[in-house]
Amino acid sequence: MPTPPPFARWLGQTNDVTQVFLAAGQVPDLVNLAGGLPDPSVWPVEALADLSARAVREHPQEALGYPPIEGLPGLRDVIAARFSTDGLRLGRENVLITTGGMQGLELIGKVLLDEGDVIAAQTPAYLGALDAWRPRGPAYRPVRMEEAAPDLPFLMRGAKFSYTVPNFSNPSGRIVDTDRRKALVAAARETSVWLVEDDPYGALYYDGDPLPRMLTLCGGDPYDGPVIYLGTLSKELAPGLRIGWVIAAPEMIGALTTAKQGSDMCTSGLSQQVACMALEDGLCERVLPDILSLYSARRDALCAAMTEHLDELFEWEVPTGGMFVWARARGARLDTDLLMREGLSHGVCISPSSVFDPEGRDRGAVRINFTLNPPDKLAEGVRRLADASRAVLAGVAGGRLTQGRPRLG
Ligand SMILES: Cc1ncc(COP(=O)(O)O)c(C=O)c1O
């Protein structure tokens, strides 16, 4: 048989970390600290079962037909009303329903990026965003939120868009303060660059009051600003619904709708109808207190175990919300690509920093999730990670492990 044509070039530049950690859920006795996965116990199973049955019986056209590409009008109205404030008037024309927040990222790449275009991205950056944009061959300009005063207009000028996860960033767990949010909005206006505000963790504040969204700070009556806001029900309700949304200027919603037409045509009507009824019914507000108390206790349990077992090896800040602790190795010799591989053989899975670096170079940190596992498993995972770290250090010192990007899985 003749050799078939090769796959596209970008496939050779990617990694399979997301596949590894989703598959890790199926491996018995492996402690999965890698993904951003919710604990299934927080899903309101009975309520969602009732709403699903009602959606099909009472709204068969919406639930079982082809919905409009933009989304069900009722759901778009609910989202517009939910995010409107005194200074921000949103209508249906500002909202596109997407298949998870992930699709919003992909569609933004589809409508804005040509090969070589620049993204001014908060770095370290969300792995899924890098995955979504990789086939378009963008160039990255890192925006480091830990710096005291980054020159935002300088970093953003000439970029197609700027990308930020202001609430408990994935992977760093960092929150962007209000002054920096205002500065980002001002810089987007000054440089005429779109500002993507990706906000899956905006409800997961464990300490302190929520900070204003950049979308809200931007304001508008009607809204026509540079912020492209991405929301999702994945962390507040259930990821299996695959319901996300984009809020943006009508012109941008129009372009994204055209792009969605060639991606999946429309998001599941059944999921949209269930989401619409759940939001109208206040289901998210009812489940949130339980989510917050479960996850904040797990954050505390993870950080306590890390203090006990990892203090000599890593440094980290305790996040005030979200799903992750970002831990940086104290010594340059602890290569975290090697640690991911060594961790798998010790029965623990973590995400290495290289996959959150647009250049793939940072091999000195790990992202650790605390929402999926109960405290005893978190402690066991941390013990295994400490053992794996020592094994990597011993292997590197003795020349046992070879440097190089591991093939995962
Ligand atoms: C920063 C960020 N953006 C977007 C997403 C996409 O989530 P979903 O597609 O489940 O809505 C995630 C998921 O973990 C995320 O962490």
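This is a predicted model: local features need pLDDT of at least 70, side-chain atom pairs count only at pLDDT 80 or more; totals for chains, interfaces and linings use all residues.
Two strands pair if DSSP finds at least two bridges between them.

Strand β13 (residues 365-369) runs antiparallel to β12 and is joined to it by two bridges. Here Ser 351 stands opposite Arg 367 of β13. Strand β10 (residues 324-329) is also antiparallel to β13, with five bridges between the two. In that pairing Arg 328 faces Ala 365 of β13.

β13 is mostly covered, with five of its five residues buried. The cover extends to both faces of β13: Ala 365, Arg 367 and Asn 369 are buried on one side, and Val 366 and Ile 368 on the other.

## Helix α13

Helix α13 spans residues 336-345, and it is largely enclosed by the rest of the structure because eight of its 10 residues are buried. The buried residues of α13 are Thr 336, Asp 337, Leu 338, Leu 339, Met 340, Glu 342, Gly 343 and Leu 344. Gly 347 follows α13 and has a positive phi, near 80°.

The protein is divided into domain 1, made of 9-43 + 287-398, and domain 2, made of 45-284. Taken over C-alpha atoms, the centres of domain 1 and domain 2 are separated by 26 Å. Domain 1 puts 30 residues into the contact, and domain 2 puts in 33 residues.

On the side of domain 1 that touches domain 2, the elements giving two or more residues are α1 (17-24), α12 (283-309) and β10. Of these, α12 gives the most, with six residues. By class, this side of domain 1 has 16 nonpolar, 10 polar and four charged residues.

In soluble globular proteins, nonpolar side chains tend to be buried together. In this model the largest nonpolar core has 72 residues, and those with the most contacts inside it are Phe 161, Leu 195, Ile 228, Val 246 and Ala 275. Helix α11 (residues 269-280) supplies the largest share of this core, six residues. Domain 1 and domain 2 both give residues to this core, so it lies between them.

Another core, of 43 residues, lies apart from the largest one; among its members are Tyr 201, Met 323, Ile 368 and Val 382. Ile 368 is also one of the buried residues of β13.

Val 246 can be taken as an example from the largest core. Leaving aside its neighbours within four places in sequence, Val 246 is in contact with Leu 96, Thr 98, Gly 104, Ile 228, Leu 230, Ile 253 and Leu 256. Ile 228 is itself among the residues with the most contacts inside that core.

## Surroundings of the ligand

The ligand is surrounded by 14 residues, of which the closest are Gly 100, Gly 101, Met 102, Thr 232 and Ser 234. Helix α5 (residues 100-112) accounts for the largest share of this shell, three residues. By class, the shell around the ligand consists of five nonpolar, eight polar and one charged residues.

Technical notes. Residues are numbered from 1 along each chain as its sequence is written. A residue is buried if 20 or more other C-beta atoms lie within 10 Å of its own, exposed if 12 or fewer, and partly exposed in between; C-beta atoms are placed from the backbone. Helices (H or I, at least four residues) and strands (E, at least two) are DSSP runs, numbered from the N terminus. A residue is near a molecule or strand if its C-beta atom, placed from the backbone, lies within 6 Å of it. Ala, Val, Leu, Ile, Met, Phe, Trp, Tyr, Cys and Pro count as nonpolar, Asp, Glu, Lys and Arg as charged, and the others, Gly among them, as polar. A nonpolar core is a set of buried Ala, Val, Leu, Ile, Met, Phe, Trp, Tyr and Cys residues joined through C-beta atoms within 7 Å. Domain bounds come from an automatic or database domain assignment. Two residues are in contact if their C-beta atoms, placed from the backbone, lie within 7 Å.
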